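Reader: I'd like to learn how to read the contacts between chains. Could you walk me through it?

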Amino acid sequence: MSRQQWIGIGVLALAALAVPQFAGSYWTGLITQILIFGLLALAVDLMLGHAGLMSVCHAAFFSVAAYTTAILQVRHGVPAIVAAPAGLFAGTLLGVIFAMAVRTRGVYFILITLALGYVVWGVEYRWSSFTGGDNGVTNVPRPVLIGLKLDTAEHFYYFVLVVLAIVLAAYRVLVASPFGLTLRGIKASESRMTSLGFATARHLFVAFVISAFLASLAGVLYVYYNRFVNPVSASFPISVEAVLMAIMGGSGTILGPFIGSGVFLGLRNWVSSFIEFHAAVIGIVFIATVLWAPEGVMGFARRVLARRRSGASTR
Amino acid sequence: MTGAVLQAINGISFAALLFLVASGFTLSFGLMRVVNMAHGAYYLIGGYVGLSVVRATGNFWLAIAAGGIAVVLLGFLVDRFLLRHAGDNHLAQTLLTVGLAFVVGDVALHIWGGDSLKLQVPMFLRGATELPGDIVYPTYRLALVLFGVIVAIVLWLVYRKTQLGAVIRAGVDDREMVAATGINVDRLFVLVSALASFLAGMSGVVGGAFLTLHPGAEWEILVYALVVVIVGGLGSLEGAMIGALIVGLLDAFGRWLLPEFSYFVLFAPMAVLLLVRPRGLFGEAH
Amino acid sequence: MSATHALEVAGVSKVFGGLRAVDNVSLSIAAGERRIIIGPNGAGKTTLFHCITGTLTPTSGSLSLFGTEMTALPEHARTALGIGRTFQISNVFIDLTVLDNLRLAGVGTSGRKWVMHRSIDAYADLGDRALASLRQVGLADRIDMTVKHLSYGERRQLELALALIGSPRVLFLDEPCAGLSPSERRRIFELIAGLPRSITILMIEHDMDIALGLADRVTVLHHGAVIVEGSPEEIRAHPEVREVYFGQR
């Protein structure tokens, strides 16, 4: 990484660490949410920005992981050290099953993931004897980390930050790796990839499972943050909003999904304080992003930087 | 035994509605390569408009026409001002139409409220009919089956037996070629899009008389329609018919035998299709 | 079927609905041979290539590469046996850099493509091979450019580099010079002519001079079937070929 990039990361890290010192618990909580949904958006973006497939079922992995952890802890008293990995496993396993969707491309893939995600929502909603139906699962305890109970906004925020730092470091290597390049190759020209010797279906399958794992991780963090989960967590709007966040922030980048999450949740938080038409506003944001900012914040920043650089070199 | 027969009729009558909804979606994609995630919102708004018309005039047929036309107008505006910017980009189309669906759903919520509403069925279709085997079944749902069959036959005849249908089929097959033969492709698209919109709006009225209209209904019906076209194959009219039957029957029997898992039953045909024939029963290789 | 033959094609046909695009074609290519496939437009040459490389599944017939039966193998597995190909219409990774294009081609048949825990930059040899391949085709100075910004001719050069970097045993070239300027054509022609005999070459070509200049043997296709096969001199003089191409006896 260049010196510039190290400095950038340093600044970001310092800012992130400083948040709870300057923000109250409400804002710290909001930023924690932004990080969690940013991770969900990152999960979606592995498929979208790298492999070129738009999945709208990732809320299913998110939700199943959350429910698994919640039910184990609340109803069976299982400690977090077991419940959290179990949640991760359940969500990822669902990802392995739903990965059959990679037998399709383009529109078919979108439609199938939409339907698959809906099935999970429907099961969570109807199987109320197990899932609690609309009421969901409540009173999920915060995990205890080597004696430290993470029940303040500040402590939980730092916990999420640490988890994210590890995940992002790994994700960065993943997308820069040969495997990461194969995904971008598939997106650029799948026919050329098969001609070059790649079994593209296998690569997409693995990518999908990894992306389901990341979504599951977001789900586990979410259920600990929220201390509650219900079928809304598996709903289509959650999935498609994750897609929008990735695009708004800049698809194909590492920071993009988090920037998008910040912009989206920040906007929704702000707007909901004075307008009743929440969903309509979200809808307009979708439309506006697609029409006027499809490259997102990172794309815009890159273009500005490139222009500056080429402007500077002509002087 | 009677239970099974009852569920079969339930399934078939639901299939009739699903066909009405899915046929518009599949034609839209087949010819214009447009994926319209607001198709469910079209259904909902058509239904609500029809509801208001029935409340005001008591005339069900007028309601069907009004619901259909309202969506035709909406659809025209959407095509002209929104979808034209997305071109063939399915990702963009999806996000644009999802955004549109959010807006339409929210507007509908504020106009018609959050309660579950039902349209009043016309007098002559109220009550139940006696069927052989001591089965008493709501007349309206039987009429729905008849209506669905009639629409299916009309659509099929137009699609397979008329000049217009031939042009549409040619366009589905190769859009550039059709344009090259001098046929006004734009007008063709407007026509087919209007037809798809009308079907969506009309099915909202027809469906709203036995299923309820409520916030969220636009997504529920869309998902069913999507499973229908996934199973039947995108762009295929015959696929929409067969797919609707399969989904309708599976849904009815699923609800009867495994009420808590009925949504899971929808998953099964999709999984089978995906593993065996990803493009659907009648879908084209893409 | 002789094990010493680089490629054995036996009775391959490809039928699309009512159209026999490839009609019972049989070929026997010796190791190191330069076989040129010629024929008028629509003769089925590219379709034949697709059937052999696995881009399309033949309706009937069998194929083997250096004695290994490959009729049932999917495209990527056939590539792993040692096939490299260029496409008639440039099929390169437009949104990636030239370097990434070649690195992908470089790992296509290697287990390295599954590595997730190291950056691809850590594999210096991939970059070196990419550079060497680009020097071979004359694109070295474009290595960091996004392919989107390359000219048509440069993309054809890249197309060739992608096929060569994987060290193929059998190279399938589909009109590699199509749409190029005379000097570009000469360059590509010289490059192909200069390839070692350790690579067997099958080439579809429209330009008779190039074809007959490079060829050891020529196969002429018409309406999907082989009508004549022979040395360049035999083909040049053959009346049926003259009729098919020039409409004269």
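Reader: How many salt bridges are there between chain A and chain B?

Author: A salt bridge is a side-chain nitrogen of Lys or Arg within 4 Å of a carboxyl oxygen of Asp or Glu. Between chain A and chain B the count is zero. Before we go on, some ground rules: this is a predicted model, where local features need pLDDT of at least 70 and side-chain atom pairs count only at pLDDT 80 or more, while totals for chains, interfaces and linings use all residues. Residues are numbered from 1 along each chain as its sequence is written, chains are lettered from A and ligands numbered from 1 in the order in which they are written, and side-chain values use heavy atoms, with hydrogens and water left out.

Reader: Fine. How many residues does the contact take from chain A and from chain B?

Author: Contact means heavy atoms within 4.5 Å. On that rule, chain A puts in 43 residues and chain B 47.

Reader: And what area is buried between chain A and chain B?

Author: Buried area is the accessible area (1.4 Å probe) that two parts lose on being put together, summed over both. Here that comes to about 4000 Å², with 81% from carbon and sulfur atoms. A:Y108, A:L111 and A:R126 supply 19% of what chain A buries against chain B, more than any other three residues.

Reader: Which elements give two or more residues to the side of chain A that touches chain B?

Author: Helices (H or I, at least four residues) and strands (E, at least two) are DSSP runs, numbered from the N terminus. Among the contributors are α4 (80-98) and α13 (278-292) of chain A, and α5(A) gives the largest share, 14 residues.

Reader: Now chain C and chain A: what is the salt bridge count there?

Author: One. A:R192 pairs with C:E159, and their closest N and O atoms are 2.8 Å apart.

Reader: How much area do chain C and chain A bury between them?

Author: About 2300 Å², 69% of it on carbon and sulfur atoms. The contact joins 29 residues of chain C to 25 of chain A.
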